[in-house]
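I am opening my notebook on a structure that is new to me. Here are my entries, in the order in which I looked things up.

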Amino acid sequence: MKIITLLFSFLFITSFAMSQNMEQKDLVVFLVRHAEKANNSRDPELTKAGKLRAKLLAEILQDAEIENIHSTNFKRTKNTAAPVATLLGLTVEEYSTGNLTEFANRLKEKGGRHLVVGHSNTTPELVKILGGKPGVDINEKAEYDRLYILTLHENGENSTVLIRYGKKYLPVKN
């Protein structure tokens with residue numbers, strides 16, 4: 001009888017553990033706009049300040065257990081993501097801003113922890129599509145310091161945390 005009880009206990013624990021591993025993981029997405037760009041051309045490099053901000057982002061996120069890094073196909077976004085990817089030994093995956101809803105759905109399906117590097121218009125929009133709170137519009141000309149941390153739990157609840165990193169953006173008051 002003890003053997004049967006032990007066998008059933010083992011089977012129960014094993015099936016419970018397997019079901020836990022098969023469940024979708026919470027989704028944690030770290031979202032940033034690219035760092036400071038050199039000019040207003042179509043595909044500029046980062047400035048010296050932008051390169052420093054990208055390195056700082058890597059330092060900040062080094063212990064965040066990021067599993068995936070996503071960037072649009074522009075030098076400024078790829079170069080913002082690169083120090084994080086290098087530090088964590090990850091490859092930067094490109095995504096298109098043409099269909100952010102589809103991209104958001106892929107993130108939700110995959111679960112886990114992601115860094116997404118985008119633009120002043122697409123980053124808040126993706127936060128919103130994922131169910132988060134983007135806050136006020138990003139100042140296109142001067143604001144590069146937002147880091148959103150958006151968490152979507154398996155139970156459907158979510159939270160958005162907005163922090164600032166690097167040289168702080170100070171809005172000009174009229």
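**Ground rules.** I noted that this is a predicted model, where local features need pLDDT of at least 70, side-chain atom pairs count only at pLDDT 80 or more, and totals for chains, interfaces and linings use all residues. Residues are numbered from 1 along each chain as its sequence is written, and side-chain values use heavy atoms, with hydrogens and water left out.

**Overall plan.** I looked up five helices and six strands in the protein chain. These are DSSP runs numbered from the N terminus, helices being H or I of at least four residues and strands E of at least two. Along the sequence I read the pattern α-β-α-β-α-β-α-β-α-β-β. Of the 174 residues, 39% are buried (under 20% relative accessible area, with exposed over 50% and partly exposed in between, using a 1.4 Å probe and protein chains only). I also checked contacts (heavy atoms within 4.5 Å): among those between residues at least 6 apart in sequence, 62% join residues at least 24 apart.

**Helix α5.** I came back to α5, which spans residues 122-129. Its buried residues are Thr122, Thr123, Pro124, Leu126 and Val127. Their cover includes the strands β1 (27-33), β4 (112-118), β5 (146-152) and β6 (158-164), along with helix α4 (100-110).

**Helices α2 and α3.** How do α2 and α3 cross, and within what distance do their axes come? The axes of α2 (residues 48-61) and α3 (residues 75-88) come within 8 Å and cross at roughly 35 degrees. The axes are lines fitted to C-alpha atoms over the stretch in contact, and angles run from 0 to 180 degrees between N-to-C directions. From α2, I listed Ala54, Lys55, Leu57 and Ala58, which meet Asn79, Thr80, Pro83, Val84 and Leu87 of α3. By class, this contact has six nonpolar, two polar and one charged residues.

**Rings.** I found one aromatic pair (ring centres of Phe, Tyr or the six-membered ring of Trp within 6.5 Å; planes under 30 degrees apart are stacked, over 60 edge-to-face, the rest tilted). Tyr95 and Phe103 form this pair, stacked at 4.3 Å centre to centre with 5 degrees between the planes. Tyr95 counts as buried because its relative accessibility is 7%, and Phe103 is buried at 2%.

Note on methods
Nonpolar A, V, L, I, M, F, W, Y, C, P; charged D, E, K, R; others polar.
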